[in-house]
Amino acid sequence: MGEGGRQRAVGARFSGSWLRAESDQGLAAYTAELWIDFRHRYALHPIVGAGASWLHGGALGEDDNAGAGVLRGALEYELPISDADARLGLNLIALVPAIGTERTRPWATAALTVGAGF
């Protein structure tokens with residue numbers, strides 16, 4: 001992080017993910033979460049987030065829509081780019097069905113991401 005750059009230890013995140021889109025087993029998840037960065041002043045950032053998702057797709061069975069709780073654990077490395085918060089991250093996400101579905105098992109996803117904030 002360059003001098004004068006802003007570092008945050010907490011924040012909000014909005015995201016969308018699509019798995020097997022347009023198929024009978026597809027799932028779309030639209031998520032809002034709050035997160036905490038436990039080492040926000042260092043290059044390696046362990047992050048924990050929690051929130052809620054709106055789910056839509058054939059993976060829900062006869063239910064077209066459902067609500068889910070979200071838990072996210074991430075490990076992000078801050079890339080050495082001046083005046084930007086650029087990161088390479090590994091995210092593990094659990095979607096726990098909560099509203100509008102009979103499913104009891106959570107979905108789990110892993111994602112490798114690259115992001116930048118200015």
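Guide: Happy to! Two strands count as paired if DSSP finds at least two bridges between them. One more thing to keep in mind is that this is a predicted model.

Visitor: Thanks! So which strands does E3 pair with, and how many bridges are there?

Guide: Strand E4, residues 65-78, is one partner: 13 bridges join it to E3, and the two run antiparallel. Strand E2, residues 27-37, is also joined to E3, residues 44-56, by ten bridges, again in an antiparallel arrangement.

Visitor: What do E2 and E3 form, and how many residues lie between them?

Guide: They form a hairpin, with six residues between the two strands.

Visitor: Can you point me to some facing residues? Which residue in E3 is the bridge partner of Asp37?

Guide: That would be Ile47.

Visitor: How much of the chain is buried?

Guide: Of the 118 residues in the protein chain, 29% are buried. The accessible surface is about 7,700 Å², and carbon and sulfur atoms contribute 59% of that.

Visitor: Switching topic, where are the charges?

Guide: There are 10 positive and 13 negative charges in the protein chain, and their mean positions are 8 Å apart.

Visitor: Now a single residue. Where does His45 lie, and is it buried or exposed?

Guide: His45 lies in strand E3. His45 counts as buried because its relative accessibility is 0%, and the cut-off for buried is under 20%.

Visitor: Which residues does His45 touch, then?

Guide: Leaving aside residues up to four places away in sequence, His45 touches Asp37, Arg39, His40, Ala74, Leu75, Glu76, Glu78 and Arg87.

Visitor: Which of those has a side chain joined to that of His45 by a polar contact?

Guide: Glu78 does: a polar contact of 3.0 Å joins the two side chains.

Visitor: Last one: how do side chains point in a strand?

Guide: In a regular strand, side chains alternate between the two faces of the sheet.

Terms used. Residues are numbered from 1 along each chain as its sequence is written. This is a predicted model: local features need pLDDT of at least 70, side-chain atom pairs count only at pLDDT 80 or more; totals for chains, interfaces and linings use all residues. Side-chain values use heavy atoms; hydrogens and water are left out. Buried means under 20% relative accessible area, exposed over 50%, partly exposed in between (1.4 Å probe, protein chains only). Accessible areas come from the Shrake-Rupley method with a 1.4 Å probe; for residues, only the protein chains shown count as cover. Lys and Arg count as positive and Asp and Glu as negative; His and the chain ends are not counted. The place of a charge is taken as NZ of Lys, CZ of Arg, CG of Asp or CD of Glu. Helices (H or I, at least four residues) and strands (E, at least two) are DSSP runs, numbered from the N terminus. A polar contact is a pair of N or O atoms within 3.5 Å; within protein, one must be able to donate a hydrogen and the other to accept it, and residues adjacent in sequence count only if both atoms are side-chain atoms. Contact means heavy atoms within 4.5 Å.
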